[in-house]
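Please keep the sequence and the three-dimensional view at hand while reading.

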Amino acid sequence: MTIDDALNDLTAKSKTISAGAIFKAVKVSNEEARLSVYVPGEHVEPIREATREQAVKLIVEGLDVQIFVYDKAENPPPA
């Protein structure tokens, strides 16, 4: 799996919980990325739970994808 595949997979998992989620991905290298997800408050924990196991599996595969899930009412996405 590539870092792009990992980001796409985590984005898809998040969209199944919050269709209106806003995403910002930053690739640091071919093995590392950050994915910020901005959702309504009630979707924060479900997305964290849904992506946690996949993030751990990615680390075992040598890919470090940090997922930050924000309540978009408290932390609006950057413009």
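## Report on the predicted model

Gln54 lies in helix α2. The model described here is a predicted one. Is Gln54 buried or exposed? Because its relative accessibility is 15%, Gln54 counts as buried; the cut-off for that class is under 20%. Apart from neighbours within four places in sequence, Gln54 is in contact with Met1, Asp9, Leu10 and Lys13. Gln54 and Arg34 are 20 residues apart along the chain, and their C-alpha atoms are separated by 14 Å.

**Helix α1**

The 15 residues of α1 should span 21 Å at 1.5 Å a residue, and the end C-alpha atoms are 22 Å apart, which agrees. Within α1, the buried residues are Ile3, Ala6, Leu7, Leu10, Thr11 and Ser14. Viewed down the axis of α1, these buried residues fall within an arc of 130°, so they line one face of the helix. An α-helix has 3.6 residues a turn, so residues three or four places apart point the same way. Asn8 and Thr16 are exposed residues carried by the face of α1 that is turned away from its buried side. The cover over the buried residues of α1 includes β1 (22–27), β2, α2 and β3.

**The sheet**

The strands among these elements belong to a sheet. It is an open sheet of 3 strands in the order β1-β2-β3, with mixed pairing. β1 and β3 are the edge strands, each pairing on one side only. From one strand to the next, the twist averages 15°. Helix α2 packs on the sheet and touches β2 and β3, and the direction of α2 makes about 175° with that of β3.

β1 and β2 pair in the antiparallel sense over 6 bridges, and these two strands form a hairpin with 4 residues between them. β2 and β3, by contrast, run parallel and are joined by 8 bridges. Strand β2 is mostly covered, with 6 of its 8 residues buried. The table gives bridge partners that involve β2.

| Residue | Bridge partner | Strand of the partner |
|---|---|---|
| Val26 | Arg34 | β2 |
| Lys27 | Ala33 | β2 |
| Val37 | Val69 | β3 |

**Ile22 in strand β1**

Ile22 is found in strand β1. How is Ile22 classed by its relative accessible area? The value is 36%, so Ile22 is partly exposed; that class lies between 20% and 50%. Leaving out residues up to four places away in sequence, Ile22 touches Ser36, Val37, Tyr38 and Pro77. Ile22 and Val60 are 38 residues apart in sequence, and the distance between their C-alpha atoms is 27 Å.

**The nonpolar core**

Which residues have the most contacts inside the largest nonpolar core? They are Val37, Val39, Leu58, Val65 and Val69, in a core of 15 residues.

Residues up to four places away in sequence aside, Val37 touches Ser14, Ala21, Ile22, Phe23, Ile47, Ile67, Phe68, Val69 and Tyr70.

How values were computed: Residues are numbered from 1 along each chain as its sequence is written. This is a predicted model: local features need pLDDT of at least 70, side-chain atom pairs count only at pLDDT 80 or more; totals for chains, interfaces and linings use all residues. Side-chain values use heavy atoms; hydrogens and water are left out. A nonpolar core is a set of buried Ala, Val, Leu, Ile, Met, Phe, Trp, Tyr and Cys residues joined through side-chain atoms within 4.5 Å. Buried means under 20% relative accessible area, exposed over 50%, partly exposed in between (1.4 Å probe, protein chains only). Contact means heavy atoms within 4.5 Å. The expected span of a helix is 1.5 Å times one less than its number of residues. The arc is that of the directions from the helix axis to the C-beta atoms. Two strands pair if DSSP finds at least two bridges between them. Axes are lines fitted to C-alpha atoms, for helices over the stretch in contact, and angles run from 0 to 180 degrees between N-to-C directions.
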